[in-house]
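Visitor: I would like to learn how to read strand pairing, interfaces and salt bridges in a model. Please take them in turn.

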Amino acid sequence: MLAFIIRRVGQSILVLLVVGVVAFSMFNFVGDPIDNMLGQERTAEDIARLREQLGLDRNFFVQYFRFLQEAIQGNFGVSYRQGRPVTQILLERAPATLELAAVSSILAIVFGIALGVFTAIRRDGVLAHVIMSASLIGVSLPTFLIGILLIYVFSVELGWLPSFGRGDVVDLGGWKTGFLTASGLKALILPSITLGLYQMTLIMRLVRSEMLEVLRQDYIRFARARGLKDRTVNFHHALKNTMVPVITVIGLQLGAIIAFAIITETVFQWPGVGLLFINAIQFVDIPVMAAYLMLISVMFVGINLLVDILYFFIDPRLRADRTGGH
Amino acid sequence: MSRRICAVAAALGVALAAPLAAEDFRWAVTTDPQSMDPHAVNSTPVLGFLNNVYEGLVRRGKDMSVEPALATAWEPIGQGEGWRFTLREGVTFHDGSAFDAEDVLFSYERASSPEADTASWFAPVSEVRVVDARTIDFMTNAPNPLFPSSIANWMILDSGWAEANNATRPDKESGNFATINTNGTGAFRVTAREPGLRTVLEPFEGWWGEAEHNITRAELTPIQNPATAVAALLSGDVDFINPVPIQDAARLAQDPQVKVVQGIEARVIMLGFPHEAGALKYSAETTDANPFADARVRQAVAHAINVPAILQTIMRGNAEPVNQLVSSAMSGYSEALADAPAYDPDKARALLAEAGFPEGFSFGFKCPNDRYLNDESVCQAVTGMLAQVGLTASLDAMPVNNYWPELRGGNFDIFLLGWSPGTFDAEHPIRFLVATPNEEKKLGSWNFGGYSNARIDELLPLIQSEIDEDARQAMLDEVAQIMADEQAYVPLYVQPLVWGTRANIELTQRPDDFFILRWVTVN
């Protein structure tokens, strides 16, 4: 068991290193940050000097090695654009993304499961058909289009909700939260719907099909035959047994929500790490790009590692394999 | 009794004269100013914003003319050995410390240091002498009539503040106190700064000037996505956006709640050629010759492009054609120069035949796709028009972050370039785009094609030091005429400036794209 975990951790570290190599080799294609850092009256001398100072004259393996050296000590360098430590910037921006991701996930899970159960139980009802058709929108429309549509309806036409930003925030010892002000909560509504819509429809469709599958099972029929209430059968027996795959998917999608908040954050000018990353690409802010990509890959690798380890405990076959047996 | 009534009436009068409600003004721009240090980054978003916070010895007025700011007067020394500035009395920085000549000297040393991005402004300066607390002399290498106007964006920092906070030199790479904090003498002070998120300004009570605005608080938010910015303006979440996407300008103008403020920017968009190259780099068949070295081929390009059509369709009528490297709003603009070559495809074909390319030829056309307004669409239109006369361009459009390295590497057969003269004078593009490249003299640093004309190189230093305006203009006219005759570049149009505001906002738009808060009135 310990050997299994060590092996998995080792593999994860290898994956991270490879991600880093790919990321750093890509930075060469994003362009040259020098022109963004110097004004139009710069001389060839200025360009050469700055390039040397930033270490851009070295090849990317050297740059990558230097990045790793510093990163291991928790130092991700200084942002080219802002001239401030990247760690500090990421910590400032993370609460916005995490709060948005949390609200989106909760919306997606609550509404996804509720609508999934509803459309499964009333599979032939008119409303269920309407919901199923509408869910196609969530799956097929690109996020930025949904975002813009919501802004035009609820901000421009109706004037109910803010068109961009996070509203007023309250500083709780470095964590700036939008949960404690009216404008902060209002500002959360449109972006969280935009970000959560895809996940919601995904969960809803998954719950529905799992539910339909389970409802056909013998033990459900027996439960009905025993004269149990519909409610008890549907929620106690059926829903409970659909949740295993649903929880797996929700877990994996949680990472996706954080990683893919980029588009939603750009449309709503939501001041999170995704928007920071987009800005960094536009400016060729290599330290910020590198730190963000590492952060996201650590997150994904971490989730996968956890899932692997959980499987080890849940699935006896895996255990039997690894411990050798007879 | 009556005296008391008078006092009450006076108090009421004061109360009524002052703005009744707090005028909160919110505006959105595409690019957040990347630094609060006025010497660290010489770019429009930074200098435009900081013009509200910091001040220079001189500043530009609503019509771009130079007017007194921290200096009340200036005069040439002797026969043009330098300039003497008389400094304003009673000016204080936002933190309350007094302004004097030592701050000017310190700011000169700081802004002209190698760490600064503004050092080129001080290339003509040989020495700066503090005469007394209210007088300072700038000695120049040669007579420099334009020096006062060339330092309009050079802002003064408090020497004591910079020293106390370890910010005596700008630091682009790792930043310092002055990257985030400010202490200027300007009409507004920064009360909150969250890079990339918001910057809050409030009027500086101790400002020496008289406030024209009625703003009590202003907040700047960067909004990258143009559609979001337009929505924010329409919904009233912001009072002003810059820029308005060209394609939305007409629609916004229809809305009674908002206004579109249009003008021309100082930026001229042009095509450039590889003058020096021995052969084309991206041609299918012309691999051993450089047709663009022949002025007739360059003229053919100029005649083949229908600029008015481009402006009508792609710029929706918001831009103006131009025949030289600066717009008519700049000083030194050559009135004498004839109009740009007219659209005449037959003449273009004839010129090509005369130059020995009756069948035309193919070449590579480099273009940015995120630098200028609708740049890629303009390049596509140009490509189509050139094809009509047999010039087959293969267009390669790319993000600006990749574009400049390509141009510096000489990887083009034709390229698109926009130029906004930092000094608002016709001498500026000659120095950077036309003069023969010379690293030592810091000339021609953007002359990617390596254009070289001995007469122009000879005229440039004369233009820089000529005090007599007519003689100077005559030389500028001569340069403009040579450029037109040789078709060194093909100037296409002056880029438009399109701002959007709520209907209750009054403001002033300047061609340098600076948004000056003290000219804003909220009605």
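Guide: Two strands pair if DSSP finds at least two bridges between them, and strands (E, at least two residues) and helices (H or I, at least four residues) are DSSP runs numbered from the N terminus. This is a predicted model, in which local features need pLDDT of at least 70 and side-chain atom pairs count only at pLDDT 80 or more, while totals for chains, interfaces and linings use all residues. Residues are numbered from 1 along each chain as its sequence is written, chains are lettered from A and ligands numbered from 1 in the order in which they are written, and side-chain values use heavy atoms, with hydrogens and water left out.

Visitor: How many bridges join β1(B) to strand β11 of chain B?

Guide: Three, and the two strands, β11 being residues 240–242, run parallel. Strand β1 (residues 24–29) also runs parallel to strand β10 (residues 217–222) of chain B, with six bridges. B:A28 shows both pairings: its partner in β11(B) is B:I241, and in β10(B) B:A28 stands opposite B:T221.

Visitor: Which strands of chain B pair in the antiparallel sense with β12(B)?

Guide: In a regular strand the side chains alternate between the two faces of the sheet. Strand β12 (residues 258–272) of chain B is joined by 12 bridges to the antiparallel strand β17 (residues 489–502), where B:P496 is opposite B:I264. Five antiparallel bridges connect β12(B) with strand β16 (residues 414–419), and B:G272 has B:F415 as its bridge partner there.

Visitor: What area is buried between domain 1 and domain 2 of chain B?

Guide: The size of an interface is often given as the accessible area lost when the parts come together. Here buried area is the accessible area (1.4 Å probe) that two parts lose on being put together, summed over both. The domains, whose bounds come from an automatic or database domain assignment, are domain 1 (33–179) and domain 2 (265–496) of chain B. Between them they bury about 770 Å², 64% of it on carbon and sulfur atoms. B:P143, B:P145 and B:L146 supply 48% of the area that domain 1 of chain B buries against domain 2, more than any other three residues. In contact (heavy atoms within 4.5 Å) are nine residues of domain 1 and eight residues of domain 2 of chain B.

Visitor: And how many residues does each chain give to the contact of chain A and chain B?

Guide: Each chain gives 48 residues. The area buried between chain A and chain B is about 3,900 Å², with carbon and sulfur atoms giving 48%.

Visitor: How many salt bridges cross the interface of chain A and chain B?

Guide: Side chains of opposite charge can pair when their charged atoms come close. The rule for a salt bridge asks for a side-chain nitrogen of Lys or Arg within 4 Å of a carboxyl oxygen of Asp or Glu. It finds three across the interface of chain A and chain B, and zero between domain 1 and domain 2 of chain B. A:D32 forms a salt bridge with B:R408, the closest N and O atoms being 3.3 Å apart.

Visitor: Which residue of chain A meets A:D32 in a salt bridge?

Guide: A:R51 does, at 2.4 Å from N to O. A:R51 lies in helix α3 of chain A and A:D32 in the loop between α1 and α2, so the pair ties together parts that are 19 residues apart in sequence. Over all chains, the structure holds 35 salt bridges.
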